[in-house]
Amino acid sequence: DYFRLSRGFFECTSLDERRKFMKCLFRIANASEKTSYDETEEIRKIATSLKLTHKDFIEAKLTIPDEDREMS
């Protein structure tokens, strides 16, 4: 289940690896030229489950140009 999957990933990765993973998720979401609001919110949930801070999430999100991010 989602909880055990995220907890397992958390336990076997460093903080830096989790931050890099967030950036990778945004690159994947943006592969279709736009990162949707729903994709952004799902990545936010993942960041929270991996015990990343809001600042960590925002830093990863900002790797995607403004024009490539859909607003709600």
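Residues are called buried under 20% relative accessible area, exposed over 50%, and partly exposed in between, using a 1.4 Å probe and protein chains only. The views below come from a predicted model, in which local features need pLDDT of at least 70 and side-chain atom pairs count only at pLDDT 80 or more, while totals for chains, interfaces and linings use all residues. Residues are numbered from 1 along each chain as its sequence is written, and side-chain values use heavy atoms, with hydrogens and water left out.

**View 1**
Let us start with the overall picture: the protein chain has 4 helices and 0 strands, and from the N terminus on its elements run α-α-α-α. Helices (H or I, at least four residues) and strands (E, at least two) are DSSP runs, numbered from the N terminus. The C-alpha trace spans about 35 × 25 × 20 Å along its principal axes. A compact globule of 72 residues would have a radius of gyration near 11 Å, and the 12 Å of the protein chain agrees with that. Here the radius of gyration is taken over C-alpha atoms, and the globule rule is 2.2 Å times the number of residues to the power 0.38.

Of the 72 residues, 35% count as buried. The protein chain exposes about 4900 Å², and carbon and sulfur atoms supply 57% of this area; accessible areas come from the Shrake-Rupley method with a 1.4 Å probe, and for residues only the protein chains shown count as cover. Contact means heavy atoms within 4.5 Å. Among the contacts with a separation of 6 or more, 70% are between residues 24 or more positions apart.

**View 1. Charged side chains across the protein.**
The protein chain carries 14 positive and 15 negative side chains, and the centres of the two sets lie 6 Å apart. Lys and Arg count as positive and Asp and Glu as negative, with His and the chain ends not counted; the place of a charge is taken as NZ of Lys, CZ of Arg, CG of Asp or CD of Glu. Side chains of opposite charge can pair when their charged atoms come close. With a salt bridge defined as a side-chain nitrogen of Lys or Arg within 4 Å of a carboxyl oxygen of Asp or Glu, the count comes to 7 salt bridges.

Look here for D56 and R19, whose side chains meet in a salt bridge at 2.8 Å, N to O. D56 belongs to helix α4 (residues 54-61) and R19 to helix α2 (residues 15-29), so the pair ties together parts that are 37 residues apart in sequence. D56 is buried, at 9% relative accessible area, whereas R19 is partly exposed at 34%.

E41 and R44 form a salt bridge of 3.1 Å, N to O. These two residues sit 3 residues apart in helix α3 (residues 37-49), which means that about one helical turn separates them. Both E41, at 21% relative accessibility, and R44, at 27%, are partly exposed. In the salt bridge of K45 with E42, the closest N and O atoms are 3.9 Å apart. K45 and E42 also lie in helix α3, 3 residues or about one turn of the helix apart, and E42 is partly exposed at 36%.

T40 is in helix α3 and is buried, with 5% relative accessible area. Not counting residues up to four places away in sequence, T40 touches F26, T35, F57 and K61. Helix α3 also holds A47, which is buried at 2%. Leaving aside neighbours within four places in sequence, A47 is in contact with M22, L52 and F57. The C-alpha atoms of A47 and R19 are separated by 8.6 Å, with the two residues 28 apart along the chain.

**View 2. Exposed residues in two loops.**
K51 lies in the loop between α3 and α4 and is exposed, at 53% relative accessible area. Most residues other than glycine have a negative phi. K51 is not a glycine, yet has a positive phi of about 60°. In the loop between α2 and α3 you will find A31, exposed at 63%. The C-alpha atoms of A31 and D68 are 10.0 Å apart, and the residues are 37 apart along the chain.
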